[in-house]
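Trainee: I would like to go through this model and ask what stands behind the terms used for it.
Mentor: Go ahead; have the structure open while we talk.

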Amino acid sequence: MQPLRRLPWTLAARLVPAFVLGLTVSPLAGAESTSAPANASEFLVVTNEQGEQLFHTPMPAGTRWCLKWQHSVEKFTVLDCYRNHAGVMELERSHQPDFAAGLGHIYGRGEQVSDGQGGYWIEHIDEPVPGNQYVLRVGAPAVNHRLVWQRNGQAHSFSLSQRAAGERVTLRLTESADANTKN
């Protein structure tokens with residue numbers, strides 16, 4: 001079994017997408033996939049360090065979701081948005097209302113564009129997540145790390161902070177909802 005790779009804190013902090021008040025474009029625009037057959041579904045699965053499954057939901061090819069959270073110092077909402085690109089978890093874009101600690105655009109990694117509200121989107125990151133999984137230290141309830149997505153025109157959310165504040169969890173895109181299945 002391959003060991004899990006930890007992402008640097010600054011990258012892990014930016015890997016947490018969210019809806020931002022006042023934005024005219026949804027971070028999940030085009031999030032629903034109608035082209036993937038039901039049997040081609042893949043799942044987003046969250047497990048704790050003991051391997052216990054905390055959450056899972058179907059995320060078929062073409063589906064988008066975000067990790068949304070409140071910056072612990074500045075208290076504004078940050079989003080990191082992913083997609084299932086033919087079975088590969090990709091970091092697609094990120095929304096950051098400010099250049100606060102741990103945030104910012106890295107030259108050559110996506111394109112920084114104004115959100116029209118004083119913040120910015122980093123578009124076209126399109127970066128595969130190694131091994132279709134990453135480890136996150138879940139923030140306190142005030143940080144409120146949560147997954148957000150749309151399905152059948154309905155917005156959905158799952159609070160990681162409510163379920164596992166202070167814990168190390170693994171978010172994985174996999175072919176099975178079984179927590180013990182690895183890609």
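**Terms and the values behind them**

Mentor: In this predicted model, four strands form an open sheet in the order β2-β1-β12-β9, with antiparallel pairing. The twist averages 15° from one strand to the next.

Trainee: Why are β2 and β9 called edge strands?
Mentor: Because β2 (53-58) and β9 (133-137) each pair on one side only.

Trainee: How do you know that β1 and β2 pair?
Mentor: Pairing takes at least two bridges. Strand β1 (residues 43-48) is joined to β2 by five bridges, so the pair meets the definition. One of the links is between V45 and its bridge partner H56 in β2.

Trainee: What makes β12 a partner of β1 and of β9?
Mentor: Again the bridges. There are six between β1 and β12, in the antiparallel sense, with V46 opposite L171. Five join β9 to β12, also antiparallel, and R137 stands opposite R168 there.

Trainee: Why is β12 called mostly covered?
Mentor: Buried means under 20% relative accessible area, and seven of the seven residues in β12 count as buried. R168, T170, R172 and T174 point one way, V169, L171 and L173 the other way, and all are buried.

Trainee: Which strands pair with β10?
Mentor: Strand β3 (residues 64-70) is joined to β10 (residues 146-151) by four antiparallel bridges, and K68 stands opposite R146. Six bridges pair β10 with β11 (residues 154-159), antiparallel as well; V148 stands opposite S157 in β11. β10 and β11 form a hairpin with two residues between them, and N152 in the turn has a positive phi of about 55°.

Trainee: Are A86 and N132 buried or exposed?
Mentor: Exposed means over 50%. A86 has 71% relative accessibility, so A86 is exposed. The cut-off for buried is under 20%; N132 has a relative accessible area of 9%, so N132 is buried.

Trainee: What makes a group of residues a nonpolar core?
Mentor: The members must be buried nonpolar residues joined through side-chain atoms within 4.5 Å. The largest such core has 25 residues, and W65 and L147 touch the most other members. Strand β12 (residues 168-174) gives the largest share, three residues. Apart from this core lies another of five residues, among them C66, L79, C81 and V148.

Trainee: Which residues does L147 touch?
Mentor: Leaving out residues up to four places away in sequence, the list includes L44, V46, F55, W65, F158, L160 and L171.

Trainee: How confident is the predictor in the chain?
Mentor: The mean pLDDT of the chain is 75, and 64% of its residues reach 70 or more. Over residues 1-25 the pLDDT is below 50, though this stretch has 78 contacts in the model beyond near neighbours in sequence. For residues 29-40 the pLDDT also stays under 50, with 15 contacts beyond four places in sequence.

Conventions. Residues are numbered from 1 along each chain as its sequence is written. This is a predicted model: local features need pLDDT of at least 70, side-chain atom pairs count only at pLDDT 80 or more; totals for chains, interfaces and linings use all residues. Side-chain values use heavy atoms; hydrogens and water are left out. Axes are lines fitted to C-alpha atoms, for helices over the stretch in contact, and angles run from 0 to 180 degrees between N-to-C directions. Buried means under 20% relative accessible area, exposed over 50%, partly exposed in between (1.4 Å probe, protein chains only). Contact means heavy atoms within 4.5 Å. pLDDT is the predictor's confidence in each residue, from 0 to 100.
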